[in-house]
Amino acid sequence: MEGPQAVMATLFSNLLILLAISQDNCLLHSPMFFLLGHLAFLDLCISSFATPRALFDFLAQRQTISFQDCMAQIFFLHLFGGSEMLLLMAMAYDRYVAIRHPLHYASLMSQRHCMGLVLASWAGGLLHTSVQLAFTINAPFCGPNHVDSFFCDIPLVIKLACVDIYPLEIMMVTNSGIMSLVGFITLLISYGLILSAIRSRAPSEGTSKAISTCTSHLIVVTMYFGPCIFIYLRPKTHFAIDKVLSVFYTAVTPLLNPAIYALKNQKMKSGMGKLLGRCSVQVSDQVPVIPRALRSSTQNQLCVPGPRTVKTSATRTKAFSVATPTWWNELPEETRALRDLAQFRRACKTELFHQAFE
């Protein structure tokens, strides 16, 4: 999949999930889908802040960025990235409670507690990025201004400072590296407890599906946290592969999260189907209907097929090709003359009511 197509697929899939959850009260009030909706929103933000600009600059052959835009990219990268790390831990806790303590799930994961977890994720991401930016923006930059990546990030920008960057490197390791490592270990422990609880139950189709789901979650979590740990825990060295690894948590995981967390879920697919069906109905209502005369326009009636078109006379009146025009011809003339669909439906309901109860 090419770059622009991948970006469009990421934006479309996450936006579809977000709209499907927000338009379905059952999904919106479910703790799992409530958290999933916020994950989709964060993936929308992460995939929008740097990748589209990098593609645009590449196509326009422009490779410069202002200092203010560079600091803004650092701020939003760590705001959305830090919030998503904490939200993924909240989602793992949700699954842990659902499997290990199902009787207490409704009380432990109430709407108030879910909102608290989301707000805590955003607050943690804001605190994380504020500390990063406060240290970086006050550093004097007077040396070379070349950043070897497609977006600005702490490890590359602090190397451009004209002072001893050791305090900045310590800040990066403690704030970003250790945060990523602790989050990853916490998720491994959570999913380990979930898998042990699943394996302790009797084998069934649901058990194998749950193990498969947890395994896919772990793969995506590793693809998100692994590059962050590799980049932020070693401030002294920089490898060319760092640019490739940074693509994983800015472009690859936002594309994979909808497929792993949402599109494999039957309730989520049902919610998206309802949303798409509602949209298609709204579109069809906007299409103008051109009134046209019926086949026998003089009497506004339909032709009923003769006996030769049906094999047996016993089933003739039950055939759709016979019953439909027969019922149409029995309708009052003023009903058959209606051209508005809503009025025609009301008239048909009234006629059917009279036929049933008179």
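Trainee: Which residues line the second largest cavity?

Mentor: The model is predicted. In it, the second largest cavity has a volume of about 100 Å³. Its lining consists of Asp-148, Ser-149, Phe-151, Asp-153, Pro-155, Leu-156, Ile-231, His-238, Asp-242, Lys-243, Ser-246 and Tyr-249.

Trainee: Which helix gives the largest share of the lining of the second largest cavity?

Mentor: Two helices each supply at least two residues of that lining, helix H8 (154-157) and helix H11 (241-262). The largest share is four residues, and it comes from H11.

Trainee: How many charged residues does the lining of the second largest cavity have?

Mentor: Asp, Glu, Lys and Arg count as charged. The lining includes Asp-148, Asp-153, Asp-242 and Lys-243. By class, there are five nonpolar and three polar residues, and the charged ones number four.

Trainee: How many charged residues does the lining of the largest cavity have?

Mentor: The largest cavity has a volume of about 130 Å³, and 14 residues line it. Eight of these are nonpolar and six are polar, which leaves the charged count at none.

Trainee: Which helix supplies the largest share of the lining of the largest cavity?

Mentor: Helix H5 (67-100), helix H9 (166-199) and helix H10 (205-232) each supply at least two lining residues. The residues closest to the centre of the cavity are Leu-77, His-78, Gly-81, Gly-82 and Met-85. The largest share, five residues, comes from H5.

Note on methods: Residues are numbered from 1 along each chain as its sequence is written. This is a predicted model: local features need pLDDT of at least 70, side-chain atom pairs count only at pLDDT 80 or more; totals for chains, interfaces and linings use all residues. Side-chain values use heavy atoms; hydrogens and water are left out. On a 1 Å grid over the protein atoms alone, a cavity is a set of points where a 1.4 Å probe fits but cannot get out, and a pocket is an open set with protein on both sides within 12 Å along at least five of seven lines; lining residues have an atom within 4 Å of a point. Grid points are joined across faces, edges and corners, and a volume is the space filled by probe spheres set on the points.
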